[in-house]
Amino acid sequence: MSKYIVRKAERLCGAVKISGSKNSALPIIAASMLAEGETVLYNVPRLTDIENMCGIIRCLGGSCQWSNDELHISFRKPKTYIAPYELVTKFRASFLLIAPMLIRVGKVQIPLPGGCPIGARPIDLHLKGFTALGAKITQGHGFIEAKARKLCGTRIYLDFPSVGATENIMIASVMAEGETVIENAATEPEISDLADFLVKMGGKIQGAGTDRIVIEGVSRLKAVSHKIIPDRIEAGTYLTAGVMCRSDITVEDVIPEHIKPVMAKFSEMGIEVFENENSVRIISPSKFRHTDIKTLPFPGFPTDMQSQFTALMSVAEGTSLIVETVFENRFLHIPELSRMGAKIKVDGRTAIVDGTKTLTGAKVKASDLRGGASLVLAGLVAEGETEIDCIEHIERGYENFGEKLRSLGADIIKIQ
Ligand code: EPZ
């Protein structure tokens, strides 16, 4: 197990380049399995989830090769319909392979992805979509088997605007027969990036980015090259670190539109926010007001920024209310923040955070990706030294996390 040792940072300063979005690259890698030929993806972050997705594709008979910073993917001759248990159960997004396998092979057997620390993570909406498109789904012994001779377009209403279900249904319907309409679809930027990629390949998709997406099935998709959009959550995480350390920092290679909900919160707190074409700068005063957070599907405040903001509110002036409406168990970082002196009470999906002047360094443990990041941020302002264990969770979603924070002046080292 690796650990981070973080010591209080006087001030951060400078600029950090944001990597490509993990949550955009994963569905696009899955979708590239539909292409005839070799897909080339740029700006793909080097993360364990990405490597595991590539590993699964190789097991299924495809090839994924890095050439410098380009990821080359081809899936010419599938060799099995059974997805490897060891890799699939390491991360949730492996479930996005069902759609391309249904189209290319007509059959797939995949272990149930299982829950994760932040919630049960059911897949009922994904299965509802596949069934509506004509797939036959059987479950048993911890596996899902999906079969379909062909997929036929249909109308699907999502009970919840699930990101993964929207992506899976989009990929499954892009080569289905006829028209598919997805209603109450997720509108996250990653959905639009996936749609842009599929349209570039020859897909016919209207309405991505809105809650109603219309897909007209086509018979073939060609291999293309595509640059993955920047990671809005990584950008929000570094900006939050800058605010916590009362600093002046800039995140570069971002799409400001994608981090508007986070920037709006900074402005409410009295933080100066400067937006340029592909960078955002914050200048944080020594004292900043608290604010209240309620996580919602895009364009609401992102659940993936909730943990980082809980750490931020624990050193803000005043009392904040944080309501997590998307996942049922996404406060696992709070007991760890409390060990560092944060004053937080949890009642169901609501956390009441009493801003305190100082936090103190402690031994803490990351339990999930964003919760782990919030502990690092708290360590940047805590008196003394903070040791964060189980950082493999963090490194699933943040490329070169320690290096990037050090480039801003943070005192963070990684030990095995
Ligand atoms: C994606 O997960 C992201 N992961 C998550 O990021 C992100 O937190 C989430 O979207 C919400 O924005 C990837 O893109 C790889 P959902 P996903 O389906 O697709 C319920 C991170 O930190 N639901 O939108 O799994 C579900 O229980 C990760 O990078 C069903 O009920 O999220 C949850 O309460 C964490 N049935 C809510 O919807 C379903 O079939 C949101 O889930 C599917 C979901």
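**Sheet and cores in a predicted model**

Student: What makes the four strands of this predicted model an open sheet, and in which order do they stand?

Tutor: The 4 strands stand in the order E2-E14-E16-E15, with mixed pairing, and form an open sheet. Strand E2 (13-17) and strand E15 (272-275) are the edges: each has a single partner strand, so one side of each is left without a neighbour in the sheet. From one strand to the next, the twist averages 15°.

Student: How do you know that strand E14 and strand E16 pair?

Tutor: Pairing needs at least two bridges between the strands. Strand E14 (residues 248-252) and strand E16 (residues 279-283) are joined by 5 bridges, so they count as paired, and they run antiparallel. Across this pair, Asp248 stands opposite Ile283 in E16.

Student: Which strands does helix H8 touch, and how is H8 directed?

Tutor: Helix H8 (residues 232-244) packs on the sheet and touches E2, E14 and E16. The direction of H8 makes about 175° with that of E14. Helix H9 (residues 260-268) lies across E15 and E16, at about 145° to E15.

Student: Why is a set of residues called a nonpolar core?

Tutor: The members are buried nonpolar residues joined through side-chain atoms within 4.5 Å, and buried means under 20% relative accessible area. The largest such core has 72 residues, of which Ile50 and Met170 touch the most other members. Helix H1 (residues 22-31) gives the most to this core, with 6 residues. A second, separate core of 66 residues includes Tyr4, Ile271, Met305 and Leu375.

Student: What is Met170 in contact with, leaving aside neighbours within four places in sequence?

Tutor: Among the contacts of Met170 are Ile182, Leu194 and Ile215.

Technical notes:
Residues are numbered from 1 along each chain as its sequence is written. This is a predicted model: local features need pLDDT of at least 70, side-chain atom pairs count only at pLDDT 80 or more; totals for chains, interfaces and linings use all residues. Side-chain values use heavy atoms; hydrogens and water are left out. Buried means under 20% relative accessible area, exposed over 50%, partly exposed in between (1.4 Å probe, protein chains only). Helices (H or I, at least four residues) and strands (E, at least two) are DSSP runs, numbered from the N terminus. Contact means heavy atoms within 4.5 Å. Axes are lines fitted to C-alpha atoms, for helices over the stretch in contact, and angles run from 0 to 180 degrees between N-to-C directions.
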